[in-house]
Amino acid sequence: MGIVEKMKEIEEEMARTQKNKATEYHLGLLKAKLARYRAQLLEPTGKSGKAGEGFDVQKSGDARVALIGFPSVGKSTLLSKTTKTASETAAYEFTTLTAIPGVIEYGGARIQLLDLPGIVEGAAQGRGRGRQVVSVAKTADLIIIMLDATKSQEQRRLLEIELDAVGIRLNKKKPDVVFKQKSAGGITINTTVKLTHTDEKAVRTVLAGYKIHNCDVMIREDITIDEFIDVLLGNRKYLPCLYVFNKIDSISMEELDRLANLDHSLVISCELGLNLDYLLEKIWENLGLVKVYTKKRGVHPDLTDPICLRKGATIEHVCHGIHRTLVSNFRYALVWGKSSKFAPHPQKVGLTHLVQDDDVVSIFTK
Ligand SMILES: Nc1nc2c(ncn2[C@@H]2O[C@H](COP(=O)(O)OP(=O)(O)OP(=O)(O)O)[C@@H](O)[C@H]2O)c(=O)[nH]1
Ligand SMILES: [Mg+2]
């Protein structure tokens, strides 16, 4: 029996099993098993080695954004409108058959936008090019789930299931659990909060399911058993996600209002070019990047060529972005913040100073 069939069997058994206190542990075991098969399916070894591979597209720019959606929602139209790359668009389904990268230029930063083939239900199990699409999604810094505003809301849930199946967790943070495997000493479980969704026994059952008999577990958050399995497997990707509803030119104002107010959601029309600037702004915000302009003494900063860094970056990261030897000769830096128009005097700072989006920085060396 192949892995897919085995998974199907387990899923059927889970569906048959009533959910109650008595079956909870059995279900926990089944869940653990299912997660293990999924991992095998996605990172296969030997003869089926190709299955886990995505499309071979070179990463470029400061970050990567992947466009995920059903066929004909307008992914390629969006790429063509926001980048210099033209991707074929058409009224029929599966127009796009491979990954097509484009570059969004945003205030001097370069963001790679990946147009991908439409995915269908069962993508994670290998239907269509789905598995390749979802593996590329794993390499992105931000996922855009593109939806057709004129279609049923069911699409969104189906896409989430596909991404979930390959270990992508959207708009969630990593559960606060420390797991350490040991070679002896049995299982120690500590919790700093009261568990209301699961209990120690369920955790032990899952550990047994993975044949783990020696480990330390420290649970610092009220997790579910699924989240515990995520921690155990360790290969989950926690990614920000924006839900973008396209084709708002074809829906009522009431519907538009409703969609625009959903969490992590925004509405656009690629065809009419509506709200695309706002989309870029949101992409930037969700990527958690900051851009910093450098300035030489007596010269205006070059506002077309910023250094892009992750949120939480310091002057030290800025130095690395300029030249790798700069840190060893560093004396101090001057920083003009966003509000510099109101307060023209720069702040004198050291290497550990956190930089903000749109800061202008001058580095002074020995
Ligand atoms: N009404 C309307 N139609 C749009 C809009 N954006 C795209 N379309 C149309 O939707 C159809 C599909 O667009 P594509 O960009 O090819 O869709 P896709 O998501 O790339 O589709 P696949 O490559 O097949 O997965 C085309 O006929 C577009 O003209 C929009 O904002 N409004
Ligand atoms: Mg397309």
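Mentor: Start with aspartate 249. One of its polar side-chain atoms lies 2.7 Å from a nitrogen atom of ligand 1. The protein covers 89% of the 660 Å² of accessible area that ligand 1 has on its own. Keep in mind that this is a predicted model.

Now look at the other polar contacts. In serine 76, an N or O atom of the side chain is 2.7 Å from an oxygen atom of ligand 1. Valine 73 uses its backbone instead: a polar atom there is 3.2 Å from an oxygen atom of the ligand.

Widen the view. Ligand 1 is surrounded by 23 residues. The closest are Ser76, Thr77, Phe94, Thr96 and Asp249. Which helix gives the most to this shell? Helix α3, residues 75–82, does, with three residues. The space that ligand 1 takes up is the second largest pocket.

Next, turn to the loop. Isoleucine 248 lies between β10 (241–246) and α8 (253–260). Is isoleucine 248 buried or exposed? Its relative accessible area is 9%, so it is buried, the cut-off being under 20%. Look at what it touches. Beyond the residues up to four places away in sequence, its contacts are Ala149, Leu256, Val267, Ile268, Ser269 and Leu274. Phenylalanine 94 is another matter. Isoleucine 248 and phenylalanine 94 are 22 Å apart in space, C-alpha to C-alpha. Along the sequence, 154 residues separate them.

Stay in the loop between β10 and α8, and find isoleucine 251. Its relative accessible area is 18%, and that is under 20%, so isoleucine 251 counts as buried. Leaving out residues up to four places away, isoleucine 251 touches Ala149, Thr150, Leu256 and Leu259. Pick out threonine 150. It is 101 residues from isoleucine 251 along the chain, but their C-alpha atoms are separated by 6.3 Å.

Finish with another loop. Aspartate 141 sits between α4 (130–137) and β4 (142–148). A polar atom of its side chain lies 2.7 Å from the backbone nitrogen of arginine 64. Arginine 64 is also one of the contacts of aspartate 141 outside four places in sequence.

Definitions and conventions. Residues numbered from 1 in each chain as written. Chains lettered and ligands numbered in written order. Predicted model: local features only at pLDDT ≥ 70, side-chain atom pairs only at ≥ 80, totals over all residues. Heavy atoms only, no water. Helix = DSSP H or I, 4+ residues; strand = E, 2+ residues; numbered from the N terminus. Buried < 20%, exposed > 50% of the residue type's maximum accessible area, 1.4 Å probe, protein only. Contact = heavy atoms within 4.5 Å. Near = heavy atom within 4 Å. Polar contact = N/O pair within 3.5 Å; in protein donor to acceptor, adjacent residues only side chain to side chain. Areas by Shrake-Rupley, 256 points an atom, 1.4 Å probe, with all protein chains shown as cover. 1 Å grid on protein atoms, 1.4 Å probe; cavity = no way out; pocket = protein on both sides within 12 Å on 5 of 7 lines; lining within 4 Å. Sits in = over half its atoms within 2 Å of the grid points.
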